[in-house]
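Please read it alongside the sequence and the model.

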Amino acid sequence: MAPPKFALYSTGSNSDGQLGISSPSDAHSFSRVRGLPPSSRPTALAFGGQHTIAICEDVEGEVGLYGCGSNAKGQLGCANGDARTTFERIEVGRLLGGLVEEDRRELEGEYDVKAIAASWETSFVVLTPREGPPAATRSDVLLTFGGNDWAESRPPGLPPLRPKAVVQRFPLAVFWDERGATRVRRIEAGPRHVVCEIELEGEGKRKVVAWGAGRHGQLGSGGKGPRVGWDTIWPRKEGDTSATVREFKVGKDHTTVLLESSTATPEYTIYTFGHPRASLSSLSIPPSTSPSIGATWSGSYALFPPTSTTSAPTLYGIGSNTHSQLALPPSPSPPSAPVSIPLPPPSTFTPEKLVCGSEHVLLLGFSPTTEKKEVWGWGWNEHGNLGDGTTGDVGSPKVVWGGMEGEVLDAWAGNGTSWVLVREEE
């Protein structure tokens with residue numbers, strides 16, 4: 001049997017080729033991405049201001065790292081500043097070779113790409129040791145390359161950046177008082193700050209830490225913070241086991257966190273650290289109901305599954321509505337409380353995944369009408385972000401990908417961009 005073939009499509013802002021479509025011009029409708037191997041499935045995408053990085057996995061489980069767009073500050077992992085308009089492979093060996101010799105000596109053995117994130121001009125790649133007896137004693141490695149305008153590569157108070165190194169190794173061990181192997185469980189970045197969940201191997205201890213821009217308290221300070229810095233978002237008190245972090249999303253000046261209680265019947269709470277205009281903290285969540293959350297630059301969203309009192313999923317949002325991001329008539333003033341965003345009836349479309357871009361929102365779900373997965377979207381559309389062939393903002397949810405060739409598998413949204421992954425029909 002022939003291996004499946006995958007195709008990734010993108011649309012929107014493309015000044016430096018960050019869409020990977022062989023052109024540096026904006027695309028107002030979805031175009032096929034170039035440079036990724038068709039037999040490898042993209043499993044993760046991360047978006048900077050003008051660059052994109054991707055993880056792809058083939059049928060044998062081999063993982064590859066790819067990038068396109070701006071490389072003005074080395075955010076594609078090499079000193080050459082030329083932009084790339086198609087995806088090109090970023091070899092792990094090349095990244096490790098960009099470290100200073102002292103860091104290279106400490107990283108013996110082989111590593112695989114585990115996770116990625118991107119701030120405006122900086123890329124973050126998590127490497128994990130290849131399986132084997134020594135792997136349990138070796139920590140995951142967080143590499144950063146690109147800019148450091150908001151201390152995303154190295155906040156003050158931590159060991160300084162290595163001079164002249166193209167790639168930097170982030171010192172994750174500083175977040176622990178104990179010694180041991182550190183595992184990165186997940187990492188997310190907004191334009192100016194990074195949030196990362198780490199675990200101490202064998203100890204069961206987990207932390208969610210943040211660094212970068214912090215003036216609005218988005219690093220977890222609970223109030224005004226330093227211009228740049230680092231902090232622990234959760235647990236707020238050492239040893240607190242009352243709740244665990246289920247999910248977190250990162251905006252420009254805020255971090256939204258979904259907590260799950262440690263009680264027999266789980267209860268869920270949403271906390272927003274940072275700018276209060278994007279806070280979902282006042283949202284009441286029914287017991288045992290776990291929403292999924294999302295964050296635009298200046299807003300937060302929560303998608304709830306059907307409950308005993310609701311026959312369909314519900315979506316709430318708060319924050320900026322200057323481009324109808326809340327599916328309301330555009331307004332310069334954000335609402336004072338979360339608003340319910342009108343969704344199509346289940347007979348038309350049932351959302352399954354919430355995806356937030358810089359100032360537009362996507363929903364991936366199933367349409368009983370077409371009997372296929374579709375993508376709906378609304379909000380900012382100045383660059384063709386929504387792929388509907390126009391550049392006018394979209395005021396309410398509408399189909400932006402539906403009934404087209406192939407089976408829709410996933411969707412992502414970046415800074416003025418949208419992305420859809422399909423499995424091609426044989």
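In this predicted model, strand β7 (residues 111-118) pairs with β8 in the antiparallel sense, over seven bridges. A hairpin of three residues leads from β7 to β8. β8 also pairs with strand β9 (residues 141-146), again in the antiparallel sense, over six bridges.

- On the β9 side, Ser-123 stands opposite Phe-145.
- Strand β8 spans residues 122-129 and is mostly covered, with eight of its eight residues buried.
- Thr-122, Phe-124, Val-126 and Thr-128 point one way from β8, and these residues are buried.
- Ser-123, Val-125, Leu-127 and Pro-129 point the other way from β8 and are buried too.

**Glu-199**

- Glu-199 lies in strand β12, which covers residues 193-200.
- Is Glu-199 buried or exposed? Glu-199 counts as buried because its relative accessibility is 13%, and the cut-off for buried is under 20%.
- The side chain of Glu-199 makes a polar contact of 2.6 Å with the side chain of Arg-185.
- A polar contact of 3.4 Å links the side chain of Glu-199 to that of Arg-206.
- Leaving aside residues up to four places away in sequence, Glu-199 touches Trp-176, Ala-181, Thr-182, Arg-183, Arg-185, Gly-204, Lys-205 and Arg-206.
- Both polar partners, Arg-185 and Arg-206, are therefore also among the residues that Glu-199 touches, as contact means heavy atoms within 4.5 Å.

**Cysteines**

- How many disulfides does the structure hold? The structure holds zero disulfides.
- Cys-68 is in no disulfide, and the nearest cysteine sulfur, that of Cys-56, is 11 Å away.
- A disulfide would need two cysteine sulfur atoms within 2.5 Å, so that cut-off is the one to set beside the separation.
- Cys-68 is buried because its relative accessible area is 0%.
- Cys-196 is buried as well, with a relative accessible area of 0%.

Notes:
Residues numbered from 1 in each chain as written. Predicted model: local features only at pLDDT ≥ 70, side-chain atom pairs only at ≥ 80, totals over all residues. Heavy atoms only, no water. Helix = DSSP H or I, 4+ residues; strand = E, 2+ residues; numbered from the N terminus. Buried < 20%, exposed > 50% of the residue type's maximum accessible area, 1.4 Å probe, protein only. Polar contact = N/O pair within 3.5 Å; in protein donor to acceptor, adjacent residues only side chain to side chain. Pairing = 2+ DSSP bridges.
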